[in-house]
Amino acid sequence: SIVALLVVLGIYSIIKHRKKILLKVKKRLVLRRREDQIKQNSNTPVSTLPLHFKEDILGKLVKFEETEGYLNPKLTITILAKKLGTNNHYLSQIINEHFELHFNQYINRLRVEYLIRILDANPKYKQYHLEALAHECGFTSRERLSKSFLHFKGIKISDYLEGLRKH
């Protein structure tokens, strides 16, 4: 009976040890999966810029948007960075991190949103040709407007305008 008890305790000890090992392996797998998910979901690296610096630039970007500076068809990241008192790299990094867009995508999204606002606010714009609408919103061509509109709204601008004109 003592031998049987020792055998049972031995088996119990082995099972307990195996469970500990399995638990450690599972924890490692979970951590690796989380790290992989973070890597897959993160388009940009963790920010190295001080928070107060980012907040300052973001505040200036809000003012830039309010003054509709994005309507300038000759706008570049260099021009905007100088206007905001920073450099191209920092501005690009802040736009990437905060908006999850590249600079040109960010500007084109603002232009598309502006176009939708003016179309809603003033019926005369519904009668404009694409070339004129593109110019009105800061795009350098109707092709750029068309591609940007489709990208951000998921609908062709011609279909969108046709729907507006019917109503």
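**Chatting through an all-helix core**

Colleague: So, which residues touch the most other members in the largest nonpolar core?
Modeller: This is a predicted model, and its largest nonpolar core has 36 residues. Leu 61, Phe 64, Leu 80, Leu 91, Tyr 106, Leu 115 and Leu 119 touch the most other members.

Colleague: Which helices supply at least two residues each?
Modeller: Helix 2 (51–66), helix 3 (77–84), helix 4 (88–99), helix 5 (103–121), helix 6 (130–136), helix 7 (142–153) and helix 8 (157–166) do. Helix 5 gives the most, with 10 residues.

Colleague: What is Leu 115 in contact with, leaving aside neighbours within four places in sequence?
Modeller: Leu 133, Cys 137, Leu 145, Phe 149 and Ile 157.

Colleague: New topic. At what angle do helix 3 and helix 4 pack?
Modeller: About 95°, and their axes are 9 Å apart. Angles from 65 to 115 degrees count as roughly perpendicular, so helix 3 is roughly perpendicular to helix 4.

Colleague: Which residues make that contact?
Modeller: Helix 3 brings Ile 77, Thr 78, Leu 80, Ala 81 and Leu 84, while helix 4 brings Asn 88, Leu 91 and Ser 92. By class, that's five nonpolar, three polar and no charged residues.

Colleague: Zooming out, how many helices and strands are there?
Modeller: Eight helices and zero strands.

Colleague: And how much of the chain counts as buried?
Modeller: 29% of its 167 residues. The accessible surface comes to about 12100 Å², and 57% of that belongs to carbon and sulfur atoms.

Technical notes
Residues numbered from 1 in each chain as written. Predicted model: local features only at pLDDT ≥ 70, side-chain atom pairs only at ≥ 80, totals over all residues. Heavy atoms only, no water. Helix = DSSP H or I, 4+ residues; strand = E, 2+ residues; numbered from the N terminus. Buried < 20%, exposed > 50% of the residue type's maximum accessible area, 1.4 Å probe, protein only. Areas by Shrake-Rupley, 256 points an atom, 1.4 Å probe, with all protein chains shown as cover. Core = buried A, V, L, I, M, F, W, Y, C linked by side-chain atoms within 4.5 Å. Contact = heavy atoms within 4.5 Å. Axes fitted to C-alpha atoms, helices over the stretch in contact; angles between N-to-C directions. Parallel < 35°, antiparallel > 145°, perpendicular 65-115°, else oblique. Nonpolar A, V, L, I, M, F, W, Y, C, P; charged D, E, K, R; others polar.
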